[in-house]
Each structure stands twice: as structure tokens, then as C-alpha cells.
Amino acid sequence: MSTMIGPEEITRILMREISNYTAVTEESNFGTVIQIGDNIAQVYGLSDACAGELLEFESGVNGIVMNLEEYTISCVILGTEIGIKEGQKVHRTGRIIEVPVGKELLGRVVNSLGDPLDGKGPVNTTKRRPIECTAPNVIERQPVNRPLYTGIKAIDSLIPIGRGQREMIIGDRQTGKTAIAIDAIINQIPDDVYCIYVAVGQKASSIASTIEIFKKHDRLKNTIIVAASANDPASMLYIAPYAGCAMAEEFMYNGKDALIVYDDLSKHANAYRELSLLLRRPPGREAYPGDVFYLHSRLLERSAQLSKELGGGSSTALPIIETQMGDVSAYIPTNVISITDGQIYLDQEIFHQGNRPAVDVGLSVSRVGGSAQISAMKKVAGHLRLDLAQYRELAAFMQFSSEELDKGSQLQILRGQRITEALKQKQFSPQTPASQIAILYLVAQGHLNSLPVEKVLSIEEAFHGFLKSKYPQFEKEIVQTGKFSDSLEKLLIEAIEKFKELYASSEFETGTEGEKSEESFEKKLWKTIDTEGAEAEKLEGTMESDLYQIKKEILEDTESNNH
Amino acid sequence: MNELVADRYARALLEIGMQKGNTDVYYRDLKYIGDHLNMYEPLRKAVEAPSVPSSVKKNILIELFFKRVEKDVINTLCLIVDKERQQYIDDIIRCYWKRLNELKNIIVATVVTAVPAPADMPAKLKATLTKQTGRQVEIIMKEDPSIIGGIQIIVDDNIHDFSIRGRLDGLEKHMNNLPIGKF
């Protein structure tokens with residue numbers, strides 16, 4: 001960059017290229033535009049064109065052959081129809097539409113054709129893949145057996161996702177569907193799982209803010225964003241998921257793991273409906289064309305866990321579906337439910353109650369992810385679903401009077417409330433599996449039963465800090481073995497006891513003066529009431545000096561976490 | 001749609017012509033009628049106007065062409081008018097011509113040049129193309145200054161491009177696709 005390149009040098013290179021260029025006169029098939037409108041062109045001729053083939057218009061834009069009729073073909077235009085006139089020639093290209101693929105795309109924002117939108121110059125990839133290709137067949141696959149962590153407690157514990165799984169995220173508007181997908185992407189370690197975020201029919205401003213989030217959390221370099229915003233023609237929205245899928249496949253077939261988020265497939269189906277109606281294909285239920293099931297099944301089937309012979313790569317899909325007024329039995333949601341390996345159902349009511357992420361644990365399932373869960377998580381989360389279900393049933397009674405309930409039921413309610421509270425999680429704060437196991441163990445075993453519900457989250461934060469600084473071996477062992485052995489459980493119980501002592505005796509939870517007496521009362525209460533499975537605590541005098549040090553560290557730790 | 005309708009009438013007439021051995025005569029007659037329709041605007045208007053009753057249209061056509069063209073062609077014309085397909089007459093003639101060429105194994109090649117071609121060029125091209133394809137070739141010459149130079153040979157919907165325009169387009173594509181990052 002130090003000296004400018006002389007014009008002679010540029011001229012020399014250009015001259016060389018021009019002299020190298022040999023004009024090949026080929027026989028080419030052509031057609032004539034006889035009608036154009038609504039981004040659909042009717043072309044006469046082109047008798048050799050194949051379905052799905054890429055066509056080239058004189059104005060430079062491309063089109064895809066959608067309908068082959070007796071004398072004409074209908075094709076959708078990928079881009080603007082401005083500049084296309086009746087009578088212009090249309091040429092075949094002999095190939096189906098391809099997009100650039102490969103690692104070079106990471107950190108880039110591209111459109112459905114793989115052309116950059118971020119102004120960072122051309123995408124220097126060497127490889128291209130066709131956007132449509134057949135999914136791996138049965139012998140090319142193996143069962144899903146490796147976990148893909150989203151970093152969200154409610155999901156990793158109750159609705160676990162495995163690599164190569166298709167897990168749908170479904171819910172009304174404004175229930176945090178995209179937030180879950182974004183959190184999942186943020187939680188991926190760069191170069192472990194490559195992420196592709198396909199935005200279909202979203203506002204350009206939403207896409208821009210999503211990109212900002214990735215940038216802020218330093219995950220853009222690990223992510224490809226395929227953006228087809230609301231102002232793009234329906235044809236671009238239609239091919240965007242396939243383009244993104246081709247990029248994910250490139251990683252998968254090279255033995256890597258990929259995570260692809262389709263945000264969202266309802267808008268994709270709408271775009272396809274628009275095209276189909278304009279192409280005069282007969283409408284079916286909800287005016288969607290007859291092949292709208294195949295539209296999504298052929299896309300989602302391409303996500304897979306490949307067999308060892310093929311490198312064992314995977315492509316995990318998180319398709320997002322937006323429902324209207326919680327109607328899960330509409331056409332597109334039921335279709336996608338039946339295609340995917342489970343769904344995360346987000347409920348508006350739960351969302352407004354303040355339980356965020358608003359996962360409806362009762363309606364959400366993961367059909368294959370359970371086998372991908374590490375045994376430690378399985379052990380801790382095993383009873384969680386049941387506990388929550390029982391709690392919900394009892395909670396209905398509780399509305400009348402809790403006095404009438406027996407001791408066991410009251411305990412159930414106490415625990416249920418705290419589990420629900422502990423499953424709350426802030427956005428962009430993914431947790432490691434070990435942290436999740438620790439906190440879920442804490443609530444599931446009833447250690448927090450005597451605390452007011454509102455305290456659960458602050459306790460959680462403090463406990464994570466405590467565990468990290470004082471018992472790092474806990475996380476280490478979980479990561480290494482994946483098991484929650486008896487000795488590890490003992491270690492965790494020991495940690496919990498220590499933490500309780502510390503919490504009860506210290507004042508690191510700074511409240512206002514008025515609250516203070518109340519708080520200390522609670523702390524005493526906690527100390528005196530026996531918790532299930534836990535033994536009565538004794539404060540050992542020898543601990544006093546250590547305690548000061550621990551408290552100081554925790555304070556520092558929680559402080560640094562806050563920043 | 002046009003083709004779908006037109007081809008049906010054209011095929012029917014051609015099949016009758018094949019039975020009677022009159023295919024070429026029919027084409028001559030069709031072209032004769034088509035030329036007149038193109039030449040005399042009022043005639044076309046009279047034939048195509050929906051306000052004119054079909055009996056009047058038929059009378060006009062019979063009176064004009066009765067002595068001059070074959071009876072079968074007149075009957076076809078009347079049928080077309082009865083079925084109110086008169087706006088497709090040109091398409092029917094074109095389809096008939098296409099089918100006739102297929103039948104006689106003739107290839108029609110449109111040769112596009114930028115400037116008026118030398119007088120002997122069609123004959124030369126015809127000889128070469130006949131030799132290459134082994135089929136009879138009919139040449140239609142066309143001028144189009146936008147190809148700049150050279151020639152284009154168009155057969156059905158295939159184009160053999162030997163024009164300057166095509167080469168320039170190719171060069172443009174080549175230069176656009178240069179892998180910039182590799183220098």
C-alpha cells in the first residue's frame with residue numbers, strides 16, 4: 001500500500017487478460033420475454049430449459065425457471081424487474097443457482113445470492129454450492145449424540161438440543177423467539193460450531209440490530225448472516241433459507257459442526273405462497289400451494305448428523321415459526337412440528353408474567369436431544385420436568401387457599417416456585433453446563449425453599465461466583481467426565497453448605513437500611529430451618545478468618561461479573 | 001395460449017392437405033390471405049370487429065377469396081370466424097408454416113447481419129448449412145445494427161452467435177469474473 005500501482009501495470013494485466021480471452025462461439029438456447037410483472041416473467045421459447053435452472057436476462061438479472069408449460073416457461077426474477085422489456089432475449093445458463101460457501105464467508109453479511117451487503121468488498125471464496133441439493137440419506141447419517149448447548153438453563157436442562165437436530169422455536173410475536181436463537185449463537189465457541197443466521201422477511205432495522213449484538217459479543221466472526229429483508233422481492237426470500245443451508249452443508253460435509261437459524265419460516269412460506277399464486281399454481285389450505293410441506297421438509301431434512309465415514313459433521317437447525325394468537329394448529333406450524341425433532345414453545349402469558357425466556361415447559365419437547373445430554377445434566381434435570389408439572393397442577397389449587405394443602409403439597413409448591421424462578425435468565429448471559437447443573441441442583445434439592453422467591457436469582461449469581469473461585473474443580477470435572485458422580489455430589493453439597501454459612505453470616509447482599517433487619521431475619525430463618533437432604537449447619541469458629549477472605553473475593557467476583 | 005389455439009387449426013388443415021396432397025397450395029393460399037389482411041387495414045378491422053356479425057364476415061371473405069383460393073382454405077377461414085378465433089389468423093398461418101417445414105424436413109435459419117449482406121451470402125450459407133445438417137435449409141435474412149458486426153444464425157430457439165456484440169458481451173463477462181483477490 002506504500003506506492004500507488006502505476007497505470008502501466010494495470011494496463012499490462014488488462015491487456016494480458018484481454019489477449020487471453022478466447023471468444024467461444026457456442027450454440028445457446030434463448031427465449032423471448034412475452035410478459036413481465038409481479039417479478040414473474042413469461043418466456044417464450046427456451047425449449048431446452050430445465051425446472052429450477054438459472055436464466056439470464058439482457059438486463060443482467062437472473063431468474064429461476066419455476067413452471068414449464070407447453071410453449072412458454074414462467075420464471076421468477078431474482079432482483080429487480082426494472083429494465084426487463086417485452087421482446088428481450090433470455091438465455092439459459094445450464095446450471096442451477098449457486099452460492100459461495102466456505103470459511104471466508106464468516107463475519108460477512110450477504111444476500112440470498114451470496115453477494116455481500118456489508119460493504120467489506122467481494123467475498124473471496126473459491127467454492128460454490130448449488131442451493132438445492134438432496135438431503136443425506138439414511139446410511140449417511142448417525143443418531144444425534146452430541147449436545148449443542150444454547151447456554152439457556154430452561155432449554156439445556158429440559159429441552160436439550162443435540163448436534164444435527166432440528167428444533168423449532170415457536171411462539172407469538174414478541175415472545176423472545178429470536179432472542180433464544182441469538183443466545184444460542186452467542187453461546188457457541190468460535191471454530192467449534194459455525195453459525196449461520198438466515199433472516200427472512202425481517203425489517204432491515206431488526207437485522208441491523210441483530211448484527212450489532214453479534215458484534216458486541218464478538219460472535220460475528222463466527223457467523224454468516226444471510227439477509228433477505230422485507231423489501232427484497234419474494235423470490236429472494238424464497239431462496240434465502242436454501243442459500244444458508246448450502247453454506248451450512250459446506251461445514252457439515254467437511255466434518256465441522258454448524259448451527260443454522262431460519263428466522264423465520266412463516267415469512268418464508270408466505271413468500272412462497274405469493275410466488276405460487278402469481279405463477280397461477282392452485283391454492284390449497286390457507287391459500288398455500290400444495291407443495292408447501294415439501295418446501296420446508298426438503299430444507300430441514302438437509303440438517304443432519306453425518307456418519308463417521310463422512311466425517312461426522314453436523315448441521316443443527318433452529319427454524320423459527322411465528323404463530324397468530326397462540327394458534328399452534330395452523331397449517332404451517334403443524335407442518336413444521338411434524339418435520340422437526342421437537343419444538344420450544346414460547347408463551348405470551350408466561351412472557352408477561354416475567355418468566356423469561358418464556359418457555360412453556362409443558363408444551364415443549366425435544367425428541368432426540370435427550371440422548372445427547374451429558375449424564376450429569378440428565379441426573380440433575382431428570383426430576384425437574386415432573387416437579388414442574390406437579391407444581392403447575394397444585395398451583396391451580398393454591399389460588400384458593402394454601403392453608404388447606406398438606407405439608408407435602410406445600411413443599412412441592414415451594415420448590416416449584418423456586419425452580420420456575422431459577423429457570424429465569426437474562427438475555428445474552430449464557431451459562432456453562434456446570435453452572436447450570438449447580439444451580440438446578442441447588443433448587444431441585446430444595447436448598448432454597450426457605451428463601452423468598454425474589455432472592456433466588458441474586459443467590460444464583462453469588463453462588464456461581466463462589467463456586468468459580470472456591471471450587472473450580474467442580475466445573476473441571478463436569479467438563480472432563482460429563483458425569484455427576486457421588487463424590488462430585490458430595491463436593492457440591494459441601495460447597496452449598498459453605499456458601500450458606502457465608503451468606504447467612506455476611507452482609508454482602510447490600511440492601512437499604514429498612515430492609516436490612518428483615519433480611520437478616522430471613523438469613524437467620526434460612527439458617528435455622530432444615531432444608532431437605534441437607535444437614536443442620538454449624539458455624540465453625542476456625543472458619544472465621546478464611547471467611548473474610550472469601551467474602552472479599554466474592555465481592556470482587558460479583559462486581560466483575562456485573563461489568 | 002395463442003399457440004395452443006392456433007396450432008390446432010393449423011394441424012387440422014395440414015392433415016387434410018396431406019390427404020389431398022395440397023399442403024403447399026394451402027400454404028400459398030394462407031399466405032395470400034394473410035398478406036391481404038396485413039395490407040388492407042379496413043379488411044382486418046372488418047374481420048376482427050366483434051360488432052360485425054359473423055355471417056357478414058363470412059360473406060366478405062367468401063366474396064373476396066372464393067375464386068382465388070382453395071375451397072378447404074375458405075372453409076377453414078369460415079370456421080375460424082364462426083368460432084370467433086379471427087384474431088389468431090396470423091398465428092394459425094405461422095403455425096401452419098412451421099408444421100409444413102417440419103413435415104418437409106426443412107430447417108429455417110434466420111441470419112442476422114449488421115449491414116446489408118452481400119447478394120451471394122444467402123446461397124453460400126444455405127449450401128454450407130445444408131451440408132452440415134444434412135437437411136434442407138431455408139434462409140431468412142434480417143438486419144440488426146445493434147450486433148455491430150459479424151452474423152448470428154438463429155434456428156428455432158437456438159442461437160449461434162458469431163457477432164461482435166456477442167464477443168464483447170463475453171469479454172465483459174470474462175473481465176467481470178476476474179478473481180480480483182488473486183493478484
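This is a predicted model: local features need pLDDT of at least 70, side-chain atom pairs count only at pLDDT 80 or more; totals for chains, interfaces and linings use all residues.
Helices in this tour are DSSP runs of H or I with at least four residues, strands are DSSP runs of E with at least two, and both are numbered from the N terminus.

Residues are numbered from 1 along each chain as its sequence is written, chains are lettered from A and ligands numbered from 1 in the order in which they are written, and side-chain values use heavy atoms, with hydrogens and water left out.

**Chain A as a whole**

Begin with chain A, whose secondary structure comes to 18 helices and 16 strands. Of its 563 residues, 53% are buried, where buried means under 20% relative accessible area, exposed means over 50%, and partly exposed lies in between, using a 1.4 Å probe and protein chains only. The accessible surface of chain A is about 26000 Å², and carbon and sulfur atoms account for 53% of that surface; such areas come from the Shrake-Rupley method with a 1.4 Å probe, and for residues only the protein chains shown count as cover. If you consider contacts (heavy atoms within 4.5 Å) in chain A between residues at least 6 apart in sequence, 74% of them join residues at least 24 apart.

Leaving aside neighbours within four places in sequence, A:Glu249 is in contact with A:Arg129, A:Cys133 and A:Arg302.

Next, go to A:His268 in helix α6 of chain A, which is buried with a relative accessible area of 0%. Beyond residues up to four places away in sequence, A:His268 touches A:Val200, A:Leu237, A:Tyr238, A:Pro241, A:Tyr242, A:Leu295 and A:His296.

Then move to A:Thr316, found in strand β14 (residues 314–322) of chain A; at 0% relative accessibility this threonine counts as buried. Apart from neighbours within four places in sequence, A:Thr316 has contacts that include A:Leu148, A:Ile161, A:Arg163, A:Ala258, A:Ile260 and A:Ser303.

**Backbone details in the loops of chain A**

Most residues other than glycine have a negative phi, and most peptide bonds are trans. Against that background, show the backbone of A:Asp38, where phi is near 55 degrees, a positive value in a residue other than glycine. A:Asp38 lies in the loop between β1 (27–37) and β2 (40–45) of chain A and is exposed, with a relative accessible area of 53%. A:Ala287 also has a positive phi, near 65 degrees; this alanine lies in the loop between α6 and α7 (292–300) of chain A and is partly exposed, at a relative accessible area of 29%.

Two peptide bonds deserve a stop as well. A cis peptide bond joins A:Asp263 and A:Asp264, with omega about -5 degrees, and A:Asp264 is found in the loop between β13 (257–263) and α6 (265–278) of chain A. The bond from A:Arg356 to A:Pro357 is likewise cis, with omega near 0 degrees, and A:Pro357 lies in the loop between α9 (348–352) and β16 (365–366) of chain A.

**Across to chain B**

Switch to chain B and colour domain 1 (2–102) and domain 2 (105–176) separately, as given by the domain assignment, whose bounds come from an automatic or database source. The C-alpha centres of these two domains of chain B lie 31 Å apart.

Select helix α1 (residues 2–20) and helix α2 (residues 23–39) of chain B, whose axes come within 8 Å and cross at roughly 135 degrees. The contact is made by B:Leu13, B:Leu14, B:Ile16, B:Gly17, B:Met18 and B:Lys20 of α1(B) together with B:Thr23, B:Tyr26 and B:Leu30 of α2(B).

Finish at B:Ile80 in helix α5 (residues 71–82) of chain B, which is buried with a relative accessible area of 3%. Not counting residues up to four places away in sequence, B:Ile80 touches B:Tyr9, B:Arg85, B:Gln86, B:Ile89 and B:Ile92. The C-alpha atom of B:Ile80 is separated by 38 Å from that of B:Leu129, which lies 49 residues away along the chain.

Key: Axes are lines fitted to C-alpha atoms, for helices over the stretch in contact, and angles run from 0 to 180 degrees between N-to-C directions.
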